[in-house]
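Welcome! Please take a look at the sequence and the structure, and then read on.

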Amino acid sequence: MPQLNILVGTMYGGALDVAEQVKPLFEAAGFDVSIAEQPTLDDVTSDEGISLFVISTTGSGDYPGNFVPFVRSLNDKSPSLASLRYGLIALGDSSYADTFCGAGRQLDALLEEHGAHRLGERLEIDAMETFMADDAAVPWVETWIDEQQLKGA
């Protein structure tokens, strides 16, 4: 059974709610799923499985507090993530214009710098347009699962 790690960066629980809502979709597709609310490098340095990051933006495009140690560790240890295959769901508020989904965009760039391979496009969910983030995340995940299975992920 393939492994899927969902790594959550959340300030008020919205990203965790999305993770919990999409978990059953992955389980139905045959994945063994774990949700990391305090992600560490160990969650992404395994050669097996894929990861899904679900991250909200806080402040002026900043990472949520629970996600800062993960990013610091990634910057300090600078591991190769060449074997990491991942998807990314970024939550934000477009009324913050330049910093909309800033944490997700920064994370995407950081993972790429370390050699990780994003599978598919990043989903950006705007709180100004979507009251319940899982309303956008669930159909995206269903399509993402189908696309990745077609690619043999």
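A residue is called buried when its relative accessible area is under 20%, exposed when that area is over 50%, and partly exposed in between. Cysteine 101, with a relative accessible area of 0%, is therefore buried. Please keep in mind that this is a predicted model. The points below begin with the whole chain and then visit a few residues.

**The overall picture**

- The protein chain is built from four helices and six strands.
- Starting at the N terminus, these elements follow one another in the order β-α-β-β-α-β-α-β-β-α.
- The radius of gyration is 14 Å, close to the 15 Å that the globule rule gives for 153 residues, so the protein chain is as compact as a globular protein of that length.
- Along the principal axes, the C-alpha atoms fill a box of roughly 40 × 35 × 20 Å.
- Of the contacts with a separation of 6 or more, 79% are between residues 24 or more positions apart.

**Surface and charge**

- Of the 153 residues in the protein chain, 46% are buried.
- The accessible surface of the chain is about 7,600 Å², and carbon and sulfur atoms account for 47% of that surface.

**Threonine 10, between β1 and α1**

- You will find threonine 10 in the loop that links β1 (3-9) to α1 (14-28).
- Is threonine 10 buried or exposed? Its relative accessibility is 17%, so threonine 10 counts as buried.
- A polar atom of the threonine 10 side chain lies 2.9 Å from the backbone nitrogen of glycine 13.
- The threonine 10 side chain also reaches the backbone nitrogen of glycine 14, at 3.4 Å.
- Setting aside neighbours within four places in sequence, threonine 10 is in contact with Ala15, Leu16, Ser56, Pro64 and Asn66.

**Aspartate 17, in helix α1**

- Aspartate 17 has its place in helix α1.
- With a relative accessible area of 27%, aspartate 17 is partly exposed.
- Aspartate 17 and isoleucine 55 are 38 residues apart along the chain, and their C-alpha atoms are separated by 11 Å.

**Serine 51, in strand β3**

- Serine 51 belongs to strand β3, which covers residues 50-56.
- Which class does serine 51 fall into, buried or exposed? At 2% relative accessibility, serine 51 counts as buried.
- Not counting residues up to four places away in sequence, serine 51 touches residues including Leu4, Asn5 and Leu7, and its partners also include Asp43, Val44, Leu84, Arg85, Tyr86, Gly87 and Trp144.

- The loop between β4 (85-92) and α3 (102-113) is where alanine 97 sits.
- Phi of alanine 97 is near 35 degrees, which is a positive value in a residue other than glycine.
- Alanine 97 has a relative accessibility of 52%, so alanine 97 counts as exposed.
- Cysteine 101 also lies in the loop between β4 and α3.
- Although cysteine 101 is not a glycine, its phi is positive, at about 55 degrees.
- With its relative accessible area of 0%, cysteine 101 is buried, whereas alanine 97 counts as exposed.

Terms used:
Residues numbered from 1 in each chain as written. Predicted model: local features only at pLDDT ≥ 70, side-chain atom pairs only at ≥ 80, totals over all residues. Heavy atoms only, no water. Helix = DSSP H or I, 4+ residues; strand = E, 2+ residues; numbered from the N terminus. Rg over C-alpha atoms; globule rule 2.2 N^0.38 Å. Buried < 20%, exposed > 50% of the residue type's maximum accessible area, 1.4 Å probe, protein only. Contact = heavy atoms within 4.5 Å. Areas by Shrake-Rupley, 256 points an atom, 1.4 Å probe, with all protein chains shown as cover. Polar contact = N/O pair within 3.5 Å; in protein donor to acceptor, adjacent residues only side chain to side chain.
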